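Good morning, and thank you for coming.

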2 protein chains.
Amino acid sequence: MQRLPLKTEISSFFDFDAHVGAEAQFTGQIQNVRPLAWGGFLILRLPNYLLQVVVSRDALGGLIDTLQPEMTVRVKGKLAAAKLKDKALHPGNVELQASAVEVVSAPSVHPLPVDTTKKELAAAMHTIFDLRPLTLRHPRERALFRIQSEIFHGFAESLTEAGFTRICSPKLVFTGAEGGANVFALDYFGRPAYLAQSPQFYKQMMVGVFGRVFEQAPVFRAEKHNTSRHVNEYISMDLEMQLEESWLEIIRTEAFFLRSILSRLPSSCANELSLLDVKLPKLDDLVLLELSEVHEIVYRESGTDCRGEPDLAPEEEALVCKHAAEAWGSEFVFVTHYPSSKRPFYAMDDPDRPELTLSFDCLFRGMEITTGGQRMHRAADYEAKMRSRGMDPAPFESYLQCFRYGMPPHGGLGFGLERFTARLCGVDNIKSCSLFPRDLDRLEP
Amino acid sequence: MQRLPLKTEISSFFDFDAHVGAEAQFTGQIQNVRPLAWGGFLILRLPNYLLQVVVSRDALGGLIDTLQPEMTVRVKGKLAAAKLKDKALHPGNVELQASAVEVVSAPSVHPLPVDTTKKELAAAMHTIFDLRPLTLRHPRERALFRIQSEIFHGFAESLTEAGFTRICSPKLVFTGAEGGANVFALDYFGRPAYLAQSPQFYKQMMVGVFGRVFEQAPVFRAEKHNTSRHVNEYISMDLEMQLEESWLEIIRTEAFFLRSILSRLPSSCANELSLLDVKLPKLDDLVLLELSEVHEIVYRESGTDCRGEPDLAPEEEALVCKHAAEAWGSEFVFVTHYPSSKRPFYAMDDPDRPELTLSFDCLFRGMEITTGGQRMHRAADYEAKMRSRGMDPAPFESYLQCFRYGMPPHGGLGFGLERFTARLCGVDNIKSCSLFPRDLDRLEP
């Protein structure tokens, strides 16, 4: 039996500034190496830090000439104050003057198939995706996914603060929530099962339990279109909540978590934002436009007549966002009152105009990032609406039971992590905001 | 266009103690109702709070007699200090003296199929699962999943603090990570795809990117055994990290997040712990036993001879946990050095005893809750080991490429959320620690 004394502290963010003048040792991967006449520089990739290491020929001979990107090295030396040019790469003004460099492991291919030391990745998108284990090591890719990780975290933190309970709903389900054919099917011990397109049914059931719930988990859509706006597996950040007075509480909650995410990024991701040149949006008073108003604006501004259409075309989304930014200074637009015919059966119709729903999409910088709305909460309403659509309620009984047991008025939303990351960071294709994107042609790596 | 003034504050944890004497209004579901001669009590379920509401016949006539569990009501009245007997149900010493009660919605079935107002749910497990939208409303179920939500949160918080980056890896994958037949297959646009059994390959690739990564996501196992220790979909909390010196850093990291989770529960879940009578374990010095030592202990204590077996039987897990608690005062046991033949191909063999691996399981209160270890990090080692096992490396190329591009020494672990919740809260069957469990017979709700 071995007793391992408990160290509660594991090495975490090393405080470089506080250790100027001290001896230190780090293990990391070489992001870049620049040999010069007097020696050279290594840029060492540590968890959450890029450290400049000075390797002089006086101290270490010709060692610098043997070092290559993506080697793992253990470096020892003294930390020194420094004036580093590339602020985006270096959180601190500290470098390490190496007294020893030991190679721990090395790549087995030379040269690497893509050069990750250049300012931009010079490769086609499919190559970038094929070589994800390498291309993600590029500083811009790392920055993008550090920001994404922080968005994920900010969503959870802000909702937890606001009394929401995290739930984990099943992804193997007995029926597709949204209906339609865009669902992956599989054999589950001899029975048909499906991959969840959304946690919709489950988060509603859980409102009856906790009042306010959220989830952050993959969803699966067997959509056959290959566009810059779609991936077949993505992270849906969902919330569902009982309503006190009005369905607008859902929109206010979106504003609450957006603001919380945006306010934490400047401190948690300062270097990443700077490297990607991200301009954070302001979120002041919320702009709400009914769908019909958006069609009118688009008609007025562009002459394109989509009035009467039940949804927005991508071009309309772009145009109304541009308009809202210019006219009202808002980069977020909440489009409301989609027609009942185009929304799922569980949507709550507007009591004053039953052909419309108490629903919304949130557009941000030209793209829909959120879909939400109030849901019906009475069992009889579900049955009536399902029958009016030619749906048999029977197969949905294990979901519909929650309404028979009593449900409060409630609503919620789904917020796409990849889409928001893309719009925030100015990335054109949301596939690039998925670590390992899944599309019609891609299941690897 | 409607402008909605931004309220950053959404109603969150209402500070009941600070509002004694004030008028207030709440919407919630009736957990329980107790009519008495002078009026009666409602227990109202609010997000994160159970509020006692006093409904007098003087003020509201016979209203109390019409109220039923699971109705949603809006109550108005004055908050008053109170001495409440059932501390587990009431975080504060405050009740509401109702001046008005309005029924917002009501169950459509009477009586409800299971009585959630009793101290325990009196129903068979399959009924409890069939009626999840109702049975989860029972205070004990709510407490269990509030604790689970906090465990999830604590894992993420502690690792984020320690410089780990959250990743979201795909669940639709091109190959099963662990090998074997226990994998769900599906058709992905004409190609075979699988549901991820673990994020193993992806978290390793991401160590090359961020050094330290974690994930909390569903995994899928098509295991055909129906036991109290298995579900077919569960939440795997995974981490993977580069190693500075030793594979024991992985075990230290587990101790770090366990300690962090255990230290936050008493404040965040005080009432829930009290309701479920949870005794939190202490985590002092860590107890490490080699697998062969465990077999010896079991042999000595029980006479059962499993010496030479490559794994632990459930009875051995129980026995060694009991022994460790008595002999060394530890409820956690780290069993190390499993034989190479029983660990996946990516496991790092012990350089001194190559028939064993630098791997471990963590046992807690009689059950394995974690599997982890160091992984190989050189491409040539992967190819050699795979070939020695008769595996063709070619289909794994999109994973193996990460080692060709250079990888640091690394390792990690997978920690089962449902299993840990079960052992912590004294729940016998881990299915009961899944909101909507999936097993051989169950895909609904």
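How many bridges pair strand β9 of chain A with β10(A), and in which sense? Strand β9 (residues 185-188) of chain A and β10(A) pair over four bridges in the antiparallel sense. Strands here are DSSP runs of E with at least two residues, numbered from the N terminus, and two strands pair if DSSP finds at least two bridges between them.

A note on the source: this is a predicted model, in which local features need pLDDT of at least 70, side-chain atom pairs count only at pLDDT 80 or more, and totals for chains, interfaces and linings use all residues. Residues are numbered from 1 along each chain as its sequence is written, and chains are lettered from A and ligands numbered from 1 in the order in which they are written.

Let us return to the hairpin. Two residues lie between β9(A) and β10(A), and Phe189(A) in the turn has a positive phi of about 50 degrees. Ala185(A) stands opposite Tyr194(A). Tyr194(A) is also the bridge partner of Val173(A); strand β8 (residues 172-173) of chain A pairs with β10(A) in the antiparallel sense over two bridges.

Next, the two chains. Strand β1 (residues 2-4) of chain A and strand β13 (residues 286-290) of chain B run antiparallel, joined by three bridges. Within this pairing, Gln2(A) stands opposite Leu288(B).

Finally, consider Met241(B), in strand β12 (residues 233-242) of chain B. Is Met241(B) buried or exposed? Met241(B) is buried, because 27 other C-beta atoms lie within 10 Å; the term requires 20 or more, with C-beta atoms placed from the backbone.

Key. Buried ≥ 20, exposed ≤ 12 C-beta atoms within 10 Å, placed from the backbone.
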